[in-house]
Amino acid sequence: MKIQSLIRNNDRLVPVEVELSFVPGLPQIQFLGLPDQAIKESIHRIKSAIRNQGYEFPKAQQILVNLRPSHLKKTSRGLELAVALGILWETEQVPKPLDGEALVYGELSLGGEVFEPGDLHEDFDPEVPLTVWTGDSDGRSSPFARSCLRELKSVTAPEIVAHAPREYPIERPSFGLDLEFPDRQAKLLKLAAIGEHSVLLAGPAGSGKSTIAKALHALLAAPTQKEMHEIRQNNKGGAEAPLSWRPLVHPHHSTSPLGLIGGGVPPFKGDITRAHKGMMVLDELLEFNPRAQEALREPMEDFRIRIRRGRYVEEHPADTLVVATTNLCPCGDWVPQAKVICGRSIKKCHSYMERLSGPLVDRFQITFFTRKREEGGTVAGISLLKELEEVRAFRAAMAGKDPRFLRVAARWGWEDLTQDLPGFYMRELFPKELSSRRRELATLRVARSLADLMKAEKLHPLHVEEALKITHLPFEALKRLGG
């Protein structure tokens, strides 16, 4: 007899075929197909549960349980219910399901009570509608139907629980919404929040870099239920309470490349994946190991990370908004067009700046220099959020007739961006002095966000000219710093 069950594959449950065969021999269960120790221990629970529920365990017969595919190491919390029901169905002590097939996943007690494993609700995403035989649901809803058993004896009359979509609580953090931001910083926050552009914040100590980064987290768009499911999938195993907003990952500067992007054998997820659909803040970027900085170049470009370790190959998502903060010299006050008086030599400042990787800086779409004292008026954080929500409503309306608007501007490609601009402008007037195609793409993406903030349907050359002041001029000033 063949039954479908589930085994764990990293952070997800995937189907496995459980095949039972009875052969003459001692009355025992023998697992085949690389079972782990936990599966082998379930033999005694299966025997005890069957007998305590008034059924007979087969006599003078050995039960072979083959798990396919056979070449993968098997670990599962719910195979024991599949084996127990397979024995009862095969020995005809209870009638088989009418459809002839079943997906069974549940834990057993020694007395025969059945429990739904805690990972079934979160980690199983069937591709087609189906019904899972499992234990008592405790009132939880799942995106698949279930036949719930309180004990083995209720297999003839299970409680049918219909499928229902997952509902995750969503709560916007409050940090920054009650603060006042200078006009220049407010413009940056709006731009980064609406387009989800990666930002490098450089400036003196105490100029608000960390505050800007944390406030940006509260201004991001609310995640959808599908995104919240991905977020929770990528943030398991920690001591923190379940997330109710986009993740904010704040690695310490001593974190290794392995900790940032993942790895090991078998490969595990790093901080860049834990921050998927959220933010990763790299505070004091120049204090990070150069190898750790360079390891971020691929995921910041491709929004995913592919890792090979021996025979293991895994790809993890990394659609992450990266915000880095840094001082540009040991005293912290050295920035473009600033007069600095300190006791350190210019050689010392240059040696500190050399820690900053040029290719990594090129992957930040926006470079912003903070100041200790900002001129002009201020804008309340709650006012910024209100304005951003109006812009998001505009983008949602545009998405109904233009699928490009389903993605934030930082994820638009070259063709998406240039189709609205006049061909003559791109051939003759678009600046040719930009240092790389990546810088050109960053400029057009930021220009699209500027157009969004103005609620403009089409990208205009005026938006591009304004974007150059944000993406090109600060980038060039950083390269010339100290020259």
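Reply: Start with helices. Helices (H or I, at least four residues) and strands (E, at least two) are DSSP runs, numbered from the N terminus. The expected span of a helix is 1.5 Å times one less than its number of residues. This is a predicted model: local features need pLDDT of at least 70, side-chain atom pairs need 80 or more, and totals for chains, interfaces and linings use all residues. Residues are numbered from 1 along each chain as its sequence is written, and side-chain values use heavy atoms, leaving out hydrogens and water.

Me: What follows α1?

Reply: G54 does, and its phi is positive, near 90°.

Me: Which residues of α1 are called buried?

Reply: Buried means under 20% relative accessible area, exposed means over 50%, and partly exposed lies in between (1.4 Å probe, protein chains only). In α1, I39, S42, I43, I46, K47, A49 and I50 are buried. An α-helix has 3.6 residues a turn, so residues three or four places apart point the same way.

Me: What do the buried residues of α1 pack against?

Reply: They pack against β3 (29-32), β4 (61-68), α2 (79-90) and β6 (107-108). The test is contact, meaning heavy atoms within 4.5 Å.

Me: How do you know whether L6 is buried or exposed?

Reply: L6 lies in strand β1, residues 2-9. Its relative accessibility is 0%, so L6 counts as buried. Leaving out residues up to four places away in sequence, L6 touches several residues, including L13, V16, L79, Y105 and F124. L6 and A82 are 76 residues apart in sequence, and their C-alpha atoms are 9.3 Å apart in space.

Me: What makes α16 largely enclosed by the rest of the structure?

Reply: Of its 17 residues, 15 are buried, so α16 is largely enclosed. This helix takes in residues 437-453. From first C-alpha to last it reaches 25 Å, close to the expected 24 Å. Just after α16, K455 takes a positive phi of about 55°.

Me: Why is E440 called buried?

Reply: E440 has a relative accessible area of 16%, so it falls under the cut-off and is buried. Its place is in helix α16. Not counting residues up to four places away in sequence, E440 touches W414, F430 and L434.

Me: Why is the pair D452 and R448 called a salt bridge?

Reply: A salt bridge is a side-chain nitrogen of Lys or Arg within 4 Å of a carboxyl oxygen of Asp or Glu. For D452 and R448 the N to O distance is 2.8 Å, so the pair meets the definition. Both residues sit in helix α16, 4 residues apart, so about one helical turn separates them. D452 is buried at 0% relative accessible area. R448 is buried at 0% too.

Me: Which residues do salt bridges with shared partners join into one network?

Reply: E301, D362, R363, R438 and R439.

Me: How do you know that R363 and E301 form a salt bridge?

Reply: Their closest N and O atoms are 3.8 Å apart, so they pass the 4 Å limit. R363 lies in the loop between α12 (358-362) and β20 (366-369), and E301 in helix α10 (residues 297-302), so the pair ties together parts 62 residues apart in sequence. At 13%, R363 is buried. E301, at 36%, is partly exposed.

Me: What makes D125 and R166 a link between separate parts of the sequence?

Reply: The two form a salt bridge, with closest N and O atoms 2.9 Å apart. D125 lies in the loop between α3 (119-123) and β8 (131-134), and R166 in the loop between β10 (159-161) and β11 (180-182), so the pair ties together parts 41 residues apart in sequence. D125 has 36% relative accessibility and counts as partly exposed. R166 has 12% and counts as buried.

Me: How many salt bridges does a search of the whole structure find?

Reply: The search finds 36.

Me: How many helices and strands are in the protein chain?

Reply: There are 18 helices and 21 strands. Of the 483 residues in the chain, 53% count as buried.
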